[in-house]
Amino acid sequence: MIALILRRVLAGVAVMWVAATLTFAALRGVRGDPVAAVLGPGALVTPEVRAQIVSEYGFDQPLVVQYLRWLSRLVSGDLGWSYQLGQPVTEVLRGQLGPTAELAIAATITAVLAAVVLALLTAGRGRTTRSLASMAELSAVSVPTFWLGLVALTFFSFRWQLFPATGAGSLSALILPAVVLAVPVAGVLTQVLREGLETALAQPFALSVRMRGIGPVALIGRHALRHACISLATMTGWVLGSLFGGAVLTETVFARPGLGRVLLSAITSRDLPVVTAVVLLVAAAFTVINLLVDLAYLAIDPRLRRRTA
Amino acid sequence: MTELLDARGLTVSFDDRAVAQDIDLQLAAGECLALVGESGSGKSVTARALVGLAGPRATVTAERLQVSGEDVSRYGERQWRRIRGSRIGFVLQDALTALDPLRTVGAEVDEPLRLHTRLGRTARDAEVERLLTECGIPDPERRKNQYAHELSGGLRQRALIASALAAGPALLIADEPTTALDVTVQQQILDLLAKLKRDGHGLVLISHDLAVVAEIADRIAVLDRGRIVEQGPALDVLSRPRHEMTRELLAAIPGNRNAKPRQVHRQGPAVLSVRGVSHRYRERSGQYRQALARVGFELARGETLGVVGESGSGKSTLAKVILGLLRPDSGDVLLDAEPWSSIGERDRRRRRREVQFVPQNPLGALDPRYRVGSVLSESLAAIGVPRSDRLQRIAALLAEVGLPPELAVRRPSELSGGQRQRVCIARALATDPRILVCDEPVSALDVRTQATVLDLLADLRDHRGLALVFISHDLAVVREISDRVIVMKDGHIVESGPVDDVFDHPEHPYAKELVAATPRIPAVETR
């Protein structure tokens, strides 16, 4: 069991190493002058600064040395210097990671709760209930986030003034963007969870349970829900990870700081050090989340716990 | 009041179509009633109607339906729940899926206790251990904390029975409780059920196999197309069957029927030679398990080799080696005295058409989205039959396995179990093979279907001169079709020889045990 967890952690480290290598390859793969690539377009710098970049990245050294230096810098937490913004990349990202994590986690929790409630209410019901539910889910998935955000702003912030329209840092400022972001996610998760529940309820053990005199509530609560949580964990992990880098629209509509916006502006201004840092950060988030999902599998399904060590 | 169950005129219908009609069943304490019929005869749905679980779309009516003297015919769901588990226990077929795989067997046995008794946690804990012991599970303190997949097939079936008995029901209904099990394990479970009967439980035993129920049933009811066509004391039904269906079910029992005399015998040199084949798997624990140990035999045209043994004895590994899907650690497999297991996959693929496979579970072995015609067409294409000839060849193949040509447009889900297995056989024949490896080809089928598929395989062998490797855990089936037999245990051949010698005079203790465990009907006249 412990050996199994350790193996997953090592696999996570390996994934991070691959991500670091790929970003390095991308950085060095840029055609032309690597110094210009690091600087970005339109940056006017003195020869001293150029020399500093060359020595910082080791552009005058062999590729192997550059690579090793890149890795050792990442390990020590040094993400480089953004010449576009004129500050260290860690400084650029410092204020962004918190709000992003806050938003992603809040939206995921909201979506999971909504999905559990909706799936429990609709699983195994009649045809009408189910087709209404899947219609609602389809609408939730296909509604454009920025439109939903604007509608939410119009009513809840401007007309009724229940929540602030912009900013971050308070709970009331978090609610609207989190809910808006959660809507499509909840649509997907409800479908996954309901299907999981129905698959579990169709299995022979569910009949065994009912033949013991167990009612529908305990059947779902004590048995089926746990089975359905396996696929829910998979989906949730994936969604949570993708929200770390992909909440740009919501962040923009609600004028929130966040990794998504930083990434977007870094891409448009070709601020390569920032782009690579965000990519690595998102990869790290995915890795950690996947590790947690793997641990959740082990907690849910004893068949995956092997008798090693 | 010893009458545990009294049903008169029980009728179950789906959308006005009756699947069980005018069923009369009575059962007293300490008695066993067997409900026997083919799949689709209505036996399972009848049993489920007895606990109010015939399904949401089912309409159940009865002139009388009493459980332990109480009228349950007008019960609502809430009332049913009160007596399910406490008055009636229900055991399903395969404990691997009939127990919640995510919960320990202890938790599963505990569940009815929590619901139906007022026992506290420690008292329930002791009761769980007592129940597991009662059902013949040694070391219950350890077993109760294990999951179904960690137990052997026999132990988890015992655990399932323990969970059905937990809240002390006097009436126990068991729906094919031994069908998924090996013969020896089946015998142990039947012994357990017999013991429960002696202890005063009333037992309704459902099976497609008369031989299985013969040992413990006091009375037998035979179902055909939703009706009881014959019901009476077990001995009468077995020895003086009155209805045609009963006679057919009896006649279909392997070893019980007049198998066709062999027309063709061993011809010429060996087409398949297995020489000293050994293989071992590395287990998760890092230890090695010997799946095959120096296994060897020869097989000629028109000959059948039976391979018997319980799960884990190496039978399926042997099948993989013969099919060239697994390279053995040592030893050789030769095809027509030419190397087969030792050559590269590229060379082997050219000759793969000569060795074909018939699976245990035809539903799993057919692509659910392929129609029967496409399944066969794919195999024909693999050996280069031009598109223009395929329709004709498909019709011929279907005819050869006794299926009408119209079936070519059906999908596997639209076929019966027997038809599916025939499609799998036709697919194997499509490449014009010389060797057919059949891995438990009839164990998923009803007794009567089993008999017809066995006849088909024997016919094909004789007409095409096929060499058959016939793997099964069921001795009676193996005996019926094989010329020679090898008995396997833990990867070793422990006994081999002509089939009648081995089964009439088994020498190895394990072979003796297998022969003794085969269900048999004592002194039966079939015609």
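Predicted model: local features only at pLDDT ≥ 70, side-chain atom pairs only at ≥ 80, totals over all residues.
# Notebook: chains A and B

**Confidence first.** The average pLDDT of chain A is 88, and 98% of its residues score at least 70.

**Domains of chain A.** Next I looked up how chain A is divided. The domain assignment gives domain 1 (2-89) and domain 2 (94-301). I checked the spacing too: the centres of domain 1 of chain A and domain 2 of chain A, taken over C-alpha atoms, are 33 Å apart. Their contact takes 21 residues from domain 1 of chain A and 16 residues from domain 2 of chain A.

**The domain 1 side of that contact.** Which elements of chain A give two or more residues to the side of domain 1 that touches domain 2? I found helix H1 (2-29), helix H2 (34-39) and strand S1 (81-82) of chain A. H1(A) gives the most to this side, with 10 residues.

**An annotated stretch.** I went to the UniProt record for chain A. An unreviewed entry carries the annotation "domain: ABC transmembrane type-1" over residues 97-293 of chain A. I looked at what the model shows there: over residues 97-293 the chain is 84% helix and 0% strand. The end C-alpha atoms of that stretch are 21 Å apart.

**A strand in chain B.** Then I moved to chain B and picked strand S10 (residues 219-224). Is S10(B) mostly covered or mostly open? It is mostly covered, as 5 of its 6 residues are buried.

I followed S10(B) to its partners. With strand S3 (residues 32-36) of chain B, S10(B) runs parallel, and 4 bridges join the two. I noted one pair: Leu33(B) has Arg219(B) as its bridge partner in S10(B). With strand S11 (residues 227-233) of chain B, S10(B) runs antiparallel, joined by 6 bridges. Here I found Ile220(B) opposite Gly232(B) in S11(B).

Last, I looked at the turn of this hairpin. S10(B) and S11(B) have 2 residues between them, and in the hairpin Arg225(B) takes a positive phi near 45°.

Methods: Residues numbered from 1 in each chain as written. Chains lettered and ligands numbered in written order. Domains from an automatic or database assignment. Contact = placed C-beta atoms within 7 Å. UniProt positions renumbered as here; feature names shortened; annotations may be inferred. pLDDT = per-residue confidence, 0-100. Buried ≥ 20, exposed ≤ 12 C-beta atoms within 10 Å, placed from the backbone. Pairing = 2+ DSSP bridges.
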